Amino acid sequence: MTRLTGGVIDHETALRFTFNGKTYSGRKGDTLASALLANGVQLVGRSFKYHRPRGVLSAGSEEPNALVTLRGGAREEPNTRATVTELFDGLRARSQNHVGPLHRDFMAVNDLLSPLFASGFYYKTFMWPRAFWEKLYEPLIRHAAGLGRLSGEADPDAYDKGFLHCDLLVIGGGAAGLSAALGAGRAGVKVILADEDFQFGGRLLAETHQLDGMPATSWVTAVMAELAGLENVRVMPRTTVFGTYDHGIYGAVERVSDHLSAADGAVRQTLWRITAKRSILAAGATERHIPFPNNDRPGIMLAGAMRAYANRWAASPTRHPSDPVIIFTNNDDGHRTATDLLAKGVPVSAVVDPRSDAPTFGDYELITGVVDDTKGRLGLTSVRVTQNGQSRWMPCGALGVSGGWNPNVHLSSHHRSKPVWDDALLAFVPGKDLPNGMIVAGAAVGQGTTVKALRSGVEAAVSSLAALGIAAEPIDLPDADDTAAAQTAFWHVSRKGRAWVDFQNDVTVKDIVLAHQENMRPVEHLKRWTTLGMATDQGKTSNISALAVMAELTGKSLPETGTTIFRPPYTGVTLSVLGGGDTGKHFRPTRYTPTHQWSASQGATFVEVGAWLRAQYFVQPGETHWRQSVDREVLAVRSGVGLCDVTTLGKIDVQGPDAAEFLNRIYCNMMGTLAVGRVRYGVMLREDGHAYDDGTCARLSENHFVVTTTTANAAIVYRNMEFARQCLWPELNVSLISTTDAWAQIAVAGPNSRTLLSRVVDGFDLSNEVFPFMACAELTVCGGLRARLFRISFSGELAYEIAVPARYGNALLERLAQVGADLGATPYGTEALGVMRIEKGHAAGSELNGQTTAQMLSLGRMVSEKKDSIGAVMSRREGLAQDKRRLVGFSPIDKSEAIVAGSHLFTQGETRNTTTDQGWITSAAYSPHVGSSIAIGFLEEGDARMGEVVIAANPLEGREVRVEVVSPHFVDPEGGRLRD
Amino acid sequence: MLIPHPLLGLRDAQEFTYLGDASLLNRPDASSPDAAVAFFDYVYLRDNPAGVHRELWFHEQGDRSWLIVTRNTLTHEILNAELACESAVKSEVLA
Amino acid sequence: MTDLMAITALGAVAPYEFQIGGLVIRENTELALASLSLGRGQGAPTILGTSMPDVGQWLAGPEVSAFWTAPNQWFIEGEGRAHEDFAAIVKAAAPDCAVTEQTDGWVAFDVYSNDGFKPLEGLLEKLVNIDLNGFGVGTALRTGLHHMSVYLIRRSDTHVTIMGMRTFAAALCHALESTAVRLR
């Protein structure tokens, strides 16, 4: 045990957890990393490429090494950073990326082969022979690649999403963020304060600074208490703001119950979309390390992280309390780790500092020199220190390294704002053109001392509020330390041996040298050639060091060498939380027809049609194949009467004195001349002249029409009609509104339909004289229920569609089936509907596919020459007007053969290629009426080729069918049935 | 993005359906002798500027208004938003 | 009176009701609706004593309520009148306006809180992307909810009505209920 005293953990509350099956004890307030360190565990994983033993490097979300797999079974979660994993009782974790036990990884042989794995290794090695790529190389690489493994099971946890709106979003709850939130909170504006950590305070928790002579944690506690009491402030711990989007929109993930041992079905994580009028980025800074040979051993850690473990978590970085610690730093801040550790009773044997003028801050040996090698296979045992050309090995249990601090500018550059180099800070700071409304404060903008952080937070709050037109008084701030840490530009130790720059991707200084030699010098090339800065940590601890090495090699300055800008997410976001809470059948909403209940009770099989669930066919006892059901339904309609829910067709109410004129301009055919009480078929064109929707239009009164659209285009037609009304012809006096859902509409089709309907209407005369084909009326049914009746037919039979308020649709369908039992009343689904419309040669979605014209549908004469309408002019252009393909029917010569939709049509004996292509089959079905397969489709000059035999070729399946060109009206071509 | 709806204030762009260049408001006169050419231009030839662009947005999950939004396509800065019907009436008066 | 039996938007006989925490979600099957649009140059009418509210507003009146839905367009609400020909009643009161029956175009879920607005706020911020600061009593708006289109009406401090398209009722109900459950 190397647990120290103090810190902001609860020493009284022990939490038990396991790591690689062994049980340990931690404390409430620990992270998994701090608990492991406090138990003397330094070795936590293996590196990606060379399987090098690795330990904890950092104390935050920048961690490249300490990636573990949490939990097990379906809840297994790979690649979790131990440094941000809040410890809970019963936590189970195991290390990753090794074969066999962690301390004896059999894949460690890769380390010996490391000369083979230099940068560009994949690109160079797996080139030849070409055939090996798919079968051998790729599977091998895929097997070796990646760190943790997915469980492969469905995620059983609950996720949620939500939307927040505020005046000011403060990202980061350290000194700057807290003072900003407090300043704005006191001014009364709506503030959200988010931090990825489970405790607010940021570095204030990790340092021994005093505020107003008191420990900084006392100030943090007081501020958090005040913020909690402010109604207008929402404090969000465990919430990572991961992305900046347009106009003040931010993405954030709140880890709601990841830290609870028994989440008990509670939401695990919530995805928040935050809309903020202003934002303050107070994300702090990330420490850099200094590459030197063998700098990746367990026990080598960022100096600031070492200090955080000692001060906040009361954990020493060594395996044994008596092991001495050495610090290697190029700046004053690193010395602070030495003094803090000494204050905690941790032995510090030396601080190694390359600066000749480095000061001493405490009772430790100061060596002016560098650390240039280390020993200790599974944990650091000694380091080699070189001073004035003299080297000596010094035993130590942990080495703290500090190469300076990089402001966390990530969220400020998500809109391509390029960070700029600050020579005094030796770091990139946020540049110009920041995201709208964003101010960067504190260490994130290089204002790293406590006083500067506090002050810049308040100033940012005052400026933000001023931009909102609110004058806010700066709040009083506590007295604190304002000593800037002196540092020098010392980027790496140039010695023989592998010096790691990027720990997570096993990229060394040598790899960068190689990239330079191979001319992969621009930052973007360097990154892709070496894989530097990729994977879960996105190079938070390595990018700048790598740039510095490249700058040295090219002889350019660091800003000339370039910088990287960042994309969301700041840290990894699970796909589950991006998916939100709704999965499976709730992934997208379902629309149910008003007759769903009754249909289900009649054995309906349902099919998805867009969002709708429609009855596809009704299986009756004894039917074992869907075709039996569909054939029966078709024959029942043609011989008796069938019932089908057609509510899904879009219905648009069009009213006003100019409604008729408006519809004339919407439909390509004349609609304004439609008589009251009549229905007309209409085709709508796109402005480019192609047909895009068809349906019926009913005139209920002089100024009142009801337009029906296809199911698929209901929303699009409405949108286009509103476009025409508002944007093209605002002078027309017309109003539009959708009524699709208000009415349940049922098709009643077949020779017995009139008799059946006469049994439900209230004294309405259905005779052909009074209510002929294409008539419509408002009436009542079933004892006074208001209804609309349309005499229209999709099947080619005598048919009607009846509409009633949706709540009565189910009962009406049931009633029609009951009172029509003796007439053979049969419910039918979309399959039978489809078969019958093909038998009748009616166009549907397969024909109206966006490439067809009214002429091709043999509806060319419908495009009125007497008026302008959407698409009319363009439909007359040469290419469209001269298109000779026409919709015709096809009947197989061998009646036992089935025609397949999508088959292409060719003249017999002709070679088959795109130039000889004569058209294609759009729809095909087995027709129980004809007794064979039938089809419709577009054929070159089809209307003039009746009786010709052509080939319907289906090269995908290697089949072809000889078919005769026939009329597309397989049923009642004269249309007598629907008019009787 | 947020669209400053002239009646309803700032509304999330997810409530809107995007159409494109606001020149679609200027539908040619079908009776003019050069209608075929004019319609070809209207349907197919539109500018796609990297910069300030007047474009049509439909408030589909809202009040069903068509808006003309003036947006800088490089920065997504929105300079103006107005009801298309008002603009359409205005341009008619001017013509 | 018809002898056909009406069912709810969820296909049930009785209205849906769900209670969890401080929230009650209750389907209102008795709410009659009709849309009313003005023709060009027309002034807004008064329907059964209720004048037409301003942009984004809902207004309760002696017999009917109304909320703004679009420029020159409102929905008129008749509480407890779903079985009447409500559109005809509205049309009679405003014969020059375009009136369309909407009663069964929508499903209405009333959400009540027994503890002020806070629980409602907690529910709504998980469902709709609107600034609840501007959603005071008397506000009505349309927005998206789980890929569906809904009207939201703030009827009182503790009462919000969420209206969705009737055929989406099951999906909307699932969204409300599962979100309320996840709030605990």
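Is C97(C) buried or exposed? C97(C) is buried, at a relative accessible area of 4%, where buried means under 20% relative accessible area and exposed over 50%, with partly exposed in between (1.4 Å probe, protein chains only).

## Basis of the model

This is a predicted model, in which local features need pLDDT of at least 70 and side-chain atom pairs count only at pLDDT 80 or more, while totals for chains, interfaces and linings use all residues. Residues are numbered from 1 along each chain as its sequence is written, chains are lettered from A and ligands numbered from 1 in the order in which they are written, and side-chain values use heavy atoms, with hydrogens and water left out.

## Cysteines

The structure holds zero disulfides over all chains, a disulfide being a pair of cysteine sulfur atoms within 2.5 Å. C668(A) is in no disulfide, and the nearest cysteine sulfur, that of C697(A), is 13 Å away. C668(A) counts as buried, with 0% relative accessibility.

For C97(C), the closest cysteine sulfur belongs to C85(B), at 18 Å, which is too far for a bond.

## Interface of chains A and C

Chain A brings 55 residues to the contact and chain C brings 51 residues; contact means heavy atoms within 4.5 Å. About 4400 Å² is buried between the two chains, with 47% of it on carbon and sulfur atoms. Buried area is the accessible area (1.4 Å probe) that two parts lose on being put together, summed over both. Of the area that chain A buries against chain C, 17% comes from F163(A), R786(A) and R807(A), more than from any other three residues.

Seven salt bridges are counted between chain A and chain C, each a side-chain nitrogen of Lys or Arg within 4 Å of a carboxyl oxygen of Asp or Glu. One of them joins the side chains of R234(A) and E125(C), at 2.9 Å from N to O. There are also 33 residue pairs in polar contact, both at pLDDT 80 or more. A polar contact is a pair of N or O atoms within 3.5 Å; within protein, one must be able to donate a hydrogen and the other to accept it, and residues adjacent in sequence count only if both atoms are side-chain atoms.

The elements giving two or more residues to the side of chain A that touches chain C include β8 (158-171), β15 (267-281) and α20 (809-819) of chain A. β8(A) gives the most, with seven residues. Helices (H or I, at least four residues) and strands (E, at least two) are DSSP runs, numbered from the N terminus.

Chain B has two helices and six strands, in the order β-β-β-α-β-β-β-α along the sequence. Its C-alpha trace spans about 45 × 25 × 25 Å along the principal axes. Of the 95 residues in chain B, 51% are buried.

Eleven residues of chain B are in contact with 14 residues of chain C. The area buried between these chains is about 930 Å², of which carbon and sulfur atoms give 49%. L7(B), Q61(B) and D63(B) supply 43% of the area that chain B buries against chain C, more than any other three residues. Zero salt bridges are counted here, along with five residue pairs in polar contact, both at pLDDT 80 or more.

## Surroundings of H51(A)

H51(A) lies in the loop between β3 (45-46) and β4 (53-54) of chain A and counts as buried, at 5% relative accessibility. A polar atom of the H51(A) side chain lies 3.0 Å from the backbone oxygen of N97(A).
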